[in-house]
Amino acid sequence: MISRFELLNKNEDLSMEEFSAKWHEHAAIEMKTANLKELNHTIITDHNQDHPLGRGPVEVDGYTERVFDDMYEMEQGVASVADQIAESLKAFATGNKVLVCAKKFDTVVPEELKGQKLIKRMSFLGLKEGVTMAQFQHEWWGLHSELVRKMPGYVGYAQNLVIDRFVDGKRVPYSELPVAGVVEFWYKDEEGFKACFAGEEFKTTAAHGGTFLGSVTTNMGGEEVFEIK
């Protein structure tokens, strides 16, 4: 599964409410994407840093996630609506930055909770100095994943490994868009969120993260999931 994260910052003359409304209208164009399997919008409601590692340089007001079966279908799909999307975005957003990711669900949100208003926490992960992407993947998808499974409180957890990056339509190296991974947690309620980070399990997981992560930029948000017809 390939996820294409399109990172958005609102135009300065818009309120967050206006940005959200125009973005929702924009989804009608995104839905026309060829080969599209899923379409999700995540709007950031809180930029509070709740991880012991510091924040990285990438800050957003929200992101669109378009999901495809593979890279070939993604490239075809993106090209099918590229001009329409670029023109529509001008009305409400700036910053043409894209992360292409291999998505891995460690814990899928249960069917009975889908469609409910869940709490979402997402984070951008930066590499610790001297750590390669291969080493990052080994630690994150290996031991770190096992440690997260021991943490209580969450109902969904996904790891998105960045495999390509684009700025203004051009492929760029990590140094120009320094995100190695995108973490997504889902919680049924505030109690679950608090429980997830209150115990010794989180302390152990965070300590391991410090061996290969240079930054963890945490954000809280709301997610809108669109039905693909």
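Visitor: Which residues form the negative surface patch?
Guide: This is a predicted model, where local features need pLDDT of at least 70, side-chain atom pairs count only at pLDDT 80 or more, and totals for chains, interfaces and linings use all residues. Like charges are joined within 9 Å and nonpolar side chains (Val, Leu, Ile, Met, Phe, Trp, Tyr) within 5 Å. Here the negative patch is made by Glu12, Asp13, Glu17 and Glu18.

Visitor: Is Glu17 buried or exposed?
Guide: Residues are numbered from 1 along each chain as its sequence is written, and side-chain values use heavy atoms, leaving out hydrogens and water. Glu17 is found in helix α1, residues 16–30; helices are DSSP runs of H or I with at least four residues, strands runs of E with at least two. Buried means under 20% relative accessible area, exposed over 50%, and partly exposed in between (1.4 Å probe, protein chains only). With a relative accessible area of 61%, Glu17 is exposed.

Visitor: Which residues make the nonpolar surface patch?
Guide: One member, Met1, is found in the segment before β1 (2–10). Met1 is partly exposed, at 45% relative accessible area. The patch covers about 270 Å² and is made by Met1, Phe105 and Val108.

Visitor: How many helices and strands does the protein have?
Guide: Along the sequence, the pattern goes β-α-β-β-α-β-β-α-β-β-β-α-α-β. That comes to five helices and nine strands.

Methods:
Patch = residues over 30% accessible without salt bridge, like charges linked within 9 Å, V, L, I, M, F, W, Y side chains within 5 Å. Areas by Shrake-Rupley, 256 points an atom, 1.4 Å probe, with all protein chains shown as cover. Salt bridge = Lys/Arg side-chain N within 4 Å of Asp/Glu carboxyl O. Lys, Arg positive; Asp, Glu negative; His and termini not counted. Charge placed at Lys NZ, Arg CZ, Asp CG, Glu CD.
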